[in-house]
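Subject: Structure handover, with notes

Dear colleague,

I am passing on the structure below, followed by notes on what was found in it. Please read them with the structure open beside you.

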Amino acid sequence: MNFIQKLILCLGFLLFSSCEEEYFPKPFGHFRIDINKANYKDYSNCSYTLSINDMARVLKKKSNKCWVDVYYPKFKA
């Protein structure tokens, strides 16, 4: 068998062996996040004030004293 015949044989095998299982599309879904009633507290830093939810934590940056990250540990966000 030459190269062309081997190639046709391989492609034919792949074509017929790949169509065994039926395809069923997955339904669309959304993540559910249960959020409690919001209780806000004021956070002041440098020249600004934020109203931050009680569930959030404020992480100060080491590089700049005025920069902060607001982190929600429950949601890993």
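In these notes, helices (H or I, at least four residues) and strands (E, at least two) are DSSP runs, numbered from the N terminus. Please bear in mind that this is a predicted model, in which local features need pLDDT of at least 70 and side-chain atom pairs count only at pLDDT 80 or more, while totals for chains, interfaces and linings use all residues. Residues are numbered from 1 along each chain as its sequence is written, and side-chain values use heavy atoms, with hydrogens and water left out.

Overall form

The chain has 1 helix and 4 strands, which follow one another along the sequence in the pattern α-β-β-β-β. With a radius of gyration of 29 Å, well over the 11 Å that the globule rule gives for 77 residues, the chain is more spread out than a compact globule; this radius is taken over C-alpha atoms, and the rule is 2.2 Å times the number of residues to the power 0.38. The C-alpha trace spans about 80 × 35 × 15 Å along its principal axes.

If contact is taken as heavy atoms within 4.5 Å, then, of the contacts with a separation of 6 or more, 8% are between residues 24 or more positions apart. The accessible surface, from the Shrake-Rupley method with a 1.4 Å probe (for residues, only the protein chains shown count as cover), comes to about 7,900 Å², and 61% of that area belongs to carbon and sulfur atoms.

The helix and its patch

Helix α1 covers residues 3–17 and includes L11, which is exposed because its relative accessible area is 52%. L11 also belongs to a nonpolar surface patch together with F3, I4, L7, I8, F13 and L14, and the accessible area of the patch is about 800 Å². Patches are made of residues with over 30% relative accessible area and no salt bridge, where like charges are joined within 9 Å and nonpolar side chains (Val, Leu, Ile, Met, Phe, Trp, Tyr) within 5 Å.

The strands

Two strands pair if DSSP finds at least two bridges between them; β1 and β2 (residues 48–53) run antiparallel and are joined by 6 bridges. Within this pair, K41 stands opposite I52 in β2. The two strands form a hairpin with 2 residues between them, and in the turn C46 has a positive phi of about 50 degrees. N45 lies in β1, which spans residues 40–45, and N45 counts as buried because its relative accessibility is 13%. Setting aside residues up to four places away in sequence, N45 touches K65, C66 and V68.

Further along, L59 lies in strand β3 (residues 57–60) and is partly exposed, at 42% relative accessibility. Beyond its neighbours within four places in sequence, L59 is in contact with V68, D69 and Y71; the C-alpha atoms of L59 and Y71 are 7.1 Å apart, although 12 residues separate them along the chain.

The salt bridge

A salt bridge is a side-chain nitrogen of Lys or Arg within 4 Å of a carboxyl oxygen of Asp or Glu, and by this rule the count is 1. D69 forms a salt bridge with K61, with the closest N and O atoms 3.1 Å apart. D69 is partly exposed, with a relative accessible area of 35%, and K61 is partly exposed at 35% relative accessibility.

With kind regards

Terms used: Buried < 20%, exposed > 50% of the residue type's maximum accessible area, 1.4 Å probe, protein only.
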